[in-house]
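Bring your questions as we go.

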Amino acid sequence: MRLVTAFLGVEHSLSGRRWTGPDAETDRQAEAMAQATALPRPLCQTLARLGVAANGAEAYLTPALRDLLPDPHSLRDMQAAAARFLRAVERRERIAIFADYDVDGGTSAALLIDWLRQMGQPAPTLYVPDRIDEGYGPNVPAMRDLAKAHDLILCVDCGTLSHDAIAAVEGADVVILDHHLGAETLPPALAVVNPNRQDESGDLAHLCAAAVVFLMLVEAGRQLRSAGRQGPDLMDLLDLVALATVADVAPLIGVNRAFVRQGLRVLAERGRPGLVALADVARMDSAPTTYHLGFLLGPRINAGGRIGKADLGARLLATNDPAEARAMAEELDRLNTERREVEAAVRAAAMEQAEARGLDAPLVWAAGEGWHPGVVGIVASRLKETTNRPAVVIGLDGDEGKGSGRSVSGIDLGAAIQRLAAEGLLIRGGGHRMAAGLTVARDRLDAAMARLSELLGRQGAGRGGPADLRLDGMLMPGAASLELAEQIEAAGPFGAGAPGPRYVFPDCQISFAKQLGESHLKLRFGDGMGASLDAIGFGAFDSPLGPALMAHGGARFHLAGRLDINIWGGRRSVQLRLEDAAPA
């Protein structure tokens, strides 16, 4: 039962959402903060919504990593992991890195490779499994082969559930640096460093794998200093940690926010050849933001693991050769274009199937013959966003199907998938709260999805309609100044767990509308009093939003979105990143 009054009376926007505004308590806190700190009112509104108190505003706006960095010792097995790593370094042992094929795995591997290179060590062996042929995580043949030629194997962003593969290792030590949900028992590795082990407190459960690797390097540096030696400057590695944190949709709270804020500064210095080359092919022409990490750089790095060479993204991030970086970045950019084409076809088929099955259950799912395993996770994200329900998309091949799932806030998909695997309904499965992977026998597909829907329903999935659109207030076009956008930006970085402010421009008239490419919309709108503002709606034509605004016919609309700083030809201006609209 919905008791909150819809903002501006919008119960059903063009995207099917109800609009909600700031509550009275948030307004009161924002007003008090503005009086106590002399900070701009819109900025205080954002801080109040994020739960920041007036006496903590200054610290929030300028987070110091040294104050927020957790003690690496708070994670189990951390001291043993760092000590074994340093022993391998001191003895110049043969080191292998087994990394997952996504951004988090690639950045985790690049952190270790960069650190070892700065220490003058031989280049470690990088092994990234093929998504189709090997699937996620360590497998027995690969681990046995690595053990024959190496003394230490570091498994990054994977390994916590790989009992058989780790048990098959002979003659080498295995250290796992991961963040995926652990089972009741751990694999027989020398060390398993994972904030999501069942015997951990959960205080650091929000860390991605690259952050765990970074903390291991912090501990390694501490142990080096106690022995009278010096390690590399770890601050220069934070561009990789920031990229992984945003791309893996880790919540931007606590130390994660400091990682990303500092990492964006490092990235802006353009010191890492791989990221410089990737930014150039992606045509990034402004200071990096979380948007660039999540929507320009991240998808391109992922493209190698999705439909190309599995280790390409990790090798790009690790290289210090600009020419090699340029060649790899161009290949990843090409693969990303190909990935989008494959994704579009699978998305259309999956949505048609899901709609035929019904979108009102706790779980939305689809499965198709030959759907590429590299895009099922992205398509699951699209289904989740459209329906506000957990979604699973599975590609069938022979007697099995490999799939990916994405969840909504408050629903632990990883735990449900893990339970299905324990019950024998899945061949294997695991992940974390917001994302999971699975392999299922074709003849158990329907039973597995029915059981998963039941488990997610018990958690409350599917009880509501489309997600509400939360708005921070109203603005008029004349008030949306560049100065205001810069002030709000100071409260960032924004992302998962710390969404940026969203405003509505009420009762506006569209003076210009143009479709850009296949799915984007460019607008100019005004309030009839002389002031006007540009807007860009990315993906607007993937929903009713784009067609409706294109065919506005002079009608007036409430337009909702986030203020964005646009840089074109060296000129900075403010624009609206359009997310929704409703007839005025």
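This is a predicted model: local features need pLDDT of at least 70, side-chain atom pairs count only at pLDDT 80 or more; totals for chains, interfaces and linings use all residues.

Q: What do Arg334 and Glu331 form, and how far apart are the closest N and O atoms?

A: The general idea is to look for a side-chain nitrogen of Lys or Arg within 4 Å of a carboxyl oxygen of Asp or Glu. Here Arg334 and Glu331 form a salt bridge, with 2.8 Å between the closest N and O atoms. Arg334 is partly exposed at 43% relative accessible area, and Glu331 is partly exposed too, at 27%.

Q: How many salt bridges does the structure hold?

A: There are 39 salt bridges. Among them is the one between Asp311 and Arg315, whose closest N and O atoms are 3.4 Å apart. Asp311 is partly exposed, at 23%, and Arg315 is partly exposed, at 31%.

Q: Are Asp114 and Arg272 buried or exposed?

A: Buried means under 20% relative accessible area. Asp114, at 9%, is buried, and Arg272 is buried with a value of 9%. Their side chains meet in a salt bridge, 2.8 Å from N to O. Asp114 belongs to helix α6 (residues 103–118) and Arg272 to the loop between α11 (255–268) and α12 (273–281), so this pair ties together parts 158 residues apart in sequence.

Q: Which residues are linked in a network of salt bridges?

A: Look for Arg419, Glu423, Arg451, Glu454 and Arg458: salt bridges link them in a network.

Technical notes
Residues are numbered from 1 along each chain as its sequence is written. Side-chain values use heavy atoms; hydrogens and water are left out. Helices (H or I, at least four residues) and strands (E, at least two) are DSSP runs, numbered from the N terminus. Buried means under 20% relative accessible area, exposed over 50%, partly exposed in between (1.4 Å probe, protein chains only).
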